[in-house]
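Please consult the sequence and the structure shown here while reading.

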Amino acid sequence: MEAENSNSADQKREVFGKLKYGCEHYRRRCKIRASCCDRIFICRHCHNETMSLLSDPKERHELVRREVNQVAKVCSSCGVNMGEYFCEVCKFYDDETEKKQFHCDECGICRVGGRENFFHCPKCGSCYSVGLRDNHLCVEDSMKNHCPICYEYLFDSVKGTVVMKCGHTIHNDCYEEMLKQNQYRCPLCSKSTCDMSSTWQRLDEEIQATAMPENLRYEVSILCNDCSRNSRVFFHIFGHKCSHCRSYNTRVISRVDGQQEPPTTVN
């Protein structure tokens, strides 16, 4: 009887406070003491956000996940389960198991979304959705870089990311905002980030309908941002079409006859 009561008490302690505590980042039943400044926060993201706002730049710092000391799934003093999901490697707790957290040994960190829905790309250096298996252009350690828009480090960012056609990665929110601003080139390599065929067709029609004056009818040398090949085409204020891949995502290199370079155009 005593054993049964003891088991029942243990079970109650393990579910005590589940999903009732935490922060905007995680639901958990514990706090962490930052070894760097000896201050207490709910998670390392709360710590980093607070420390980044300090008025003295010299005092600003970040807490790395593995610098959290003395971790365990269950409290050794009261027996409370501090998180339904617990990773001893990352020293990470979370009660919201519907996120389907899993630890990737190759990445060395925990990710969300379900292990069955992701694969690790060794060249890109990160986990990607299975839909991208054999369906993306690999760029060496592409995720171990900063977002080219907001400059947050991508590899362990809590925000969603997207792999562009060129293989470079960017936050989903930053990518969508970039498209809203009619920016369709990768900020890093200038290649087109999406299917631009309808736009190129519209430019074909506009160029055909708009003749250039006599003094602007000359050839220019262009470099295509999409296929990285050179072409010689007639100058037009609306844009210059690559002779190889038919893209208008090009830049003028020089005027063919060696005279002064024509006005810069944004294609």
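## Aromatic pairs

Six aromatic pairs are present in the structure; rings of Phe, Tyr and Trp (its six-membered ring) pair if their centres lie within 6.5 Å, and planes under 30 degrees apart count as stacked, over 60 as edge-to-face and the rest as tilted. One of them is the tilted pair of Phe-86 and Tyr-93, at 5.0 Å centre to centre and 35° between the planes. Tyr-93 counts as buried, with a relative accessibility of 4%; buried means under 20% relative accessible area, exposed over 50%, and partly exposed in between (1.4 Å probe, protein chains only). The model is a predicted one, in which local features need pLDDT of at least 70 and side-chain atom pairs count only at pLDDT 80 or more, whereas totals for chains, interfaces and linings use all residues. Residues are numbered from 1 along each chain as its sequence is written, and side-chain values use heavy atoms, with hydrogens and water left out.

Phe-102 and Phe-118 also form a pair: the ring centres are 5.9 Å apart and the planes meet at 35°, so this pair is tilted. Because Phe-102 belongs to strand β5 (residues 102–104) and Phe-118 to strand β7 (residues 118–121), the pair ties together parts that are 16 residues apart in sequence. Helices (H or I, at least four residues) and strands (E, at least two) are DSSP runs, numbered from the N terminus. Phe-102 is buried at 6% relative accessibility, while Phe-118 is partly exposed at 27%. Elsewhere, Tyr-26, Tyr-85 and Phe-92 are linked into a cluster by ring pairs.

## Charges over a ring

The ring of Phe-155 is approached by the charged end of Arg-111, which sits over it at 5.0 Å from its centre. Lys-144 also lies over the face of Phe-155, at 5.4 Å from the ring centre. A charge sits over a ring if NZ of Lys or CZ of Arg is within 6 Å of the ring centre and within 35 degrees of the ring normal.

## Salt bridges

Nine salt bridges are found in a search of the whole structure; a salt bridge is a side-chain nitrogen of Lys or Arg within 4 Å of a carboxyl oxygen of Asp or Glu. One of them joins the side chains of Asp-95 and Arg-29 at 2.8 Å, N to O. Asp-95 is in the loop between β4 (92–94) and β5, and Arg-29 is in the loop between α1 (2–15) and β1 (32–33), so the pair ties together parts that are 66 residues apart in sequence. Asp-95 and Arg-29 are both buried.

A salt bridge also connects Asp-204 with Lys-241, where the closest N and O atoms are 3.1 Å apart. Since Asp-204 lies in helix α4 and Lys-241 in the loop between β12 (230–234) and β13 (250–255), this pair ties together parts that are 37 residues apart in sequence. Asp-204 is partly exposed, at 27% relative accessible area, and Lys-241 is partly exposed, at 26%. Arg-232 and Glu-219 form a salt bridge whose closest N and O atoms are 2.9 Å apart. This pair links distant parts of the chain, with Arg-232 in strand β12 and Glu-219 in strand β11 (residues 219–224), 13 residues apart. Arg-232 is exposed, with a relative accessible area of 53%, whereas Glu-219 is partly exposed at 27%. Salt bridges that share partners also join Arg-29, Glu-84 and Asp-95 into one network.

## Helix α3

Helix α3 spans residues 172–180, and its residues Cys-174, Tyr-175 and Met-178 are buried. These residues cover an arc of only 100° around the axis, which puts them on the same side of α3; the arc is that of the directions from the helix axis to the C-beta atoms. Asp-173 and Lys-180 are exposed on the other side of α3.

The buried residues of α3 pack against β9 (161–163) and β10 (169–171), where contact means heavy atoms within 4.5 Å. Asn-182 follows α3 and has a positive phi, near 60°.

## Ser-192

Ser-192 is located in the loop between α3 and α4 (197–209). At 9% relative accessibility, Ser-192 counts as buried. Its side chain makes a polar contact of 3.4 Å with the side chain of Asn-249. A polar contact is a pair of N or O atoms within 3.5 Å; within protein, one must be able to donate a hydrogen and the other to accept it, and residues adjacent in sequence count only if both atoms are side-chain atoms. With neighbours within four places in sequence left aside, Ser-192 is in contact with Lys-165, Tyr-184, Trp-200, Asp-226 and Asn-249.
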